[in-house]
Amino acid sequence: MKSHWKVGELAKIAGITIRTLRFYDQIGLFSPSGYSPSGYRLYTEKDISRLQQILSLKELGLSLEQIKAVMAGDQLSLSDIVTIQIDSLKESILMQQKLLHELENVSSRMQRNEPFTVEHFMNIIRTMRMKHEKFFAERKSSMDCHLDRLGEYLDEHPEEPG
């Protein structure tokens, strides 16, 4: 049985990208156990188990910061994780119910040949936007973090062409 996997092999096994693994290493969430003489990241069975835990927590809806805290043994208990997932699911259900209600109103108006107002369309758009705002807020936060790191790197290495 193999004892070490390179980053590409692990990415393929886990169904994630090499870029994701490198990012997890950058933020201190998931680092390799070692490096080959050529500088390749090397992961062990223990690393694979840890990655599985991280991916499971991510699937439950935890942010990377929350996952980092859980993996470090801080803050969140199993009960906290379940509560976060319940809250996230309730929020998602509520958004879906609001969207369903708005679409049913539009459908009903269409069946009765009643005109739509701009307000009807705006209600649908607002409801759809609310559903995605959390997703985009998390993505923006992640991008801001990357841009901050890039800025710090460029400040520390002004002589490098860019």
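The protein chain exposes about 11700 Å², of which carbon and sulfur atoms supply 56% (Shrake-Rupley method, 1.4 Å probe; for residues, only the protein chains shown count as cover). The model is predicted: local features need pLDDT of at least 70 and side-chain atom pairs count only at pLDDT 80 or more, while totals for chains, interfaces and linings use all residues. Residues are numbered from 1 along each chain as its sequence is written, and side-chain values use heavy atoms, with hydrogens and water left out.

Of the 162 residues of the protein chain, 22% count as buried (under 20% relative accessible area; exposed means over 50%, and partly exposed lies in between; 1.4 Å probe, protein chains only). Among contacts (heavy atoms within 4.5 Å) between residues at least 6 apart in sequence, 48% join residues at least 24 apart. The chain has six helices and three strands, in the sequence pattern β-α-α-β-β-α-α-α-α. Helices (H or I, at least four residues) and strands (E, at least two) are DSSP runs, numbered from the N terminus.

The three strands form an open sheet in the order β1-β3-β2, with antiparallel pairing (two strands pair if DSSP finds at least two bridges between them). The edge strands, β1 and β2 (34–35), each pair on one side only. β1 and β3 are joined by two bridges in the antiparallel sense, and W5 stands opposite Y43 in β3.

In helix α1 (residues 7–14), V7, L10 and A11 are buried. These residues cover an arc of only 100° around the axis, which puts them on the same side of α1; the arc is that of the directions from the helix axis to the C-beta atoms. K12 and I13, on the other side of α1, are exposed. The buried residues of α1 pack against β1 (5–6), α2 (18–26), β3 (41–43) and α3 (45–59). G15, which follows α1, has a positive phi near 75°.

Two aromatic pairs are present (Phe, Tyr and Trp rings, the six-membered one for Trp, with centres within 6.5 Å; planes under 30 degrees apart count as stacked, over 60 as edge-to-face and the rest as tilted). F23 and Y24 form a tilted pair, 6.5 Å centre to centre with 50° between the planes; F23 and Y24 are both buried. The ring centres of F30 and Y43 are 5.4 Å apart and their planes are at 5°, so this pair is stacked. The pair links distant parts of the chain, F30 in the loop between α2 and β2 and Y43 in strand β3, 13 residues apart. F30 is buried, with a relative accessible area of 0%, and Y43 is buried with a value of 0%.
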